[in-house]
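User: I'm new to reading protein models and could use a hand. Can we go through one together, feature by feature?

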Amino acid sequence: MSKCCINPSILSADFVNLEAELQRISAADAVHVDVMDNHFVPNLTIGLPVVERIQQVSALPLDAHLMIADVDRWAPLYAEAGLASVTFHVEASAAPIKLARDLRERGAKAGMALRPATPVEPYLDMLSELDMLLIMTVEPGFGGQKFLDVTLPKIRRAAEAVRGSGLPLAIQVDGGISQETIERAAEAGANVFVAGSAVYGAGDPNDAIRKLRASAEAAV
């Protein structure tokens, strides 16, 4: 997967007007939907009923990021709702390989997320079970945080492992992605970028998406 994808996070959107907010990011590759339960992370956003409704009205594929406890139970239900991609946190999963297979069996791409301090090395042997590896570049839970450069070596190690495996695995980064940071993340090996405030905080979200994508592609 060489194309650089921009998946805006609706965490930075107007939650009262989500359908209209989706239409403002038509240039995106997918819609990143942050699901938080106030257990795994100290914030509460939306749950399955709202995500199912977003799925019904979105012209773009949905990329769910589940920052929730009991993810082995809940993640397959998001796949059953028809989402294109469902990402779970390995720290919240009791059986990550089984969960990844459950997601794929239900027709979704399987993504696995790592918090900034979680090493990637213990999970390199299960890359074949995944379609995407999400390396958090901030602590999960809130938008608008500053990009953590300390995660760049981990992105590089993950990218080297993916290249060595020959697998068509995407490496996604989420947190603090902007025109100032996207090139560093792309150079390290990421190719899917979640951007919230950098997109929805811009006067023209679609123009911001196109500029972010161009910056990422120029870096690689």
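User: Which strand does Asp34 lie in?

Analyst: Asp34 sits in strand S2, which covers residues 31–36. Keep in mind that this is a predicted model.

User: And how do I tell whether Asp34 is buried or exposed?

Analyst: You look at relative accessible area, and under 20% means buried. Asp34 comes in at 5%, so it counts as buried.

User: What is Asp34 in contact with, beyond its neighbours within four places in sequence?

Analyst: Its partners include Ser9, Leu11, Thr45, His65 and Asp174. With Ser9 there's also a polar contact between the side chains, at 2.6 Å.

User: Where does UniProt place the "active site" feature?

Analyst: The unreviewed UniProt entry puts it at Asp34 and Asp174. The two are spread over 141 residues of sequence, yet they cluster in space, with a largest C-alpha distance of 10.5 Å.

User: Is Asp174 buried or exposed?

Analyst: Use the cut-off of under 20% again. Asp174 has a relative accessible area of 10%, so it is buried.

User: Which residues is Asp174 in contact with, leaving aside neighbours within four places in sequence?

Analyst: Among them are His32, Asp34, His65, Leu134 and Val194. His65 is on the contact list of Asp34 too.

User: Which side chain does Asp174 join through a polar contact of 3.3 Å?

Analyst: That would be the side chain of His32.

Note on methods:
Residues numbered from 1 in each chain as written. Predicted model: local features only at pLDDT ≥ 70, side-chain atom pairs only at ≥ 80, totals over all residues. Heavy atoms only, no water. UniProt positions renumbered as here; feature names shortened; annotations may be inferred. Helix = DSSP H or I, 4+ residues; strand = E, 2+ residues; numbered from the N terminus. Buried < 20%, exposed > 50% of the residue type's maximum accessible area, 1.4 Å probe, protein only. Contact = heavy atoms within 4.5 Å. Polar contact = N/O pair within 3.5 Å; in protein donor to acceptor, adjacent residues only side chain to side chain.
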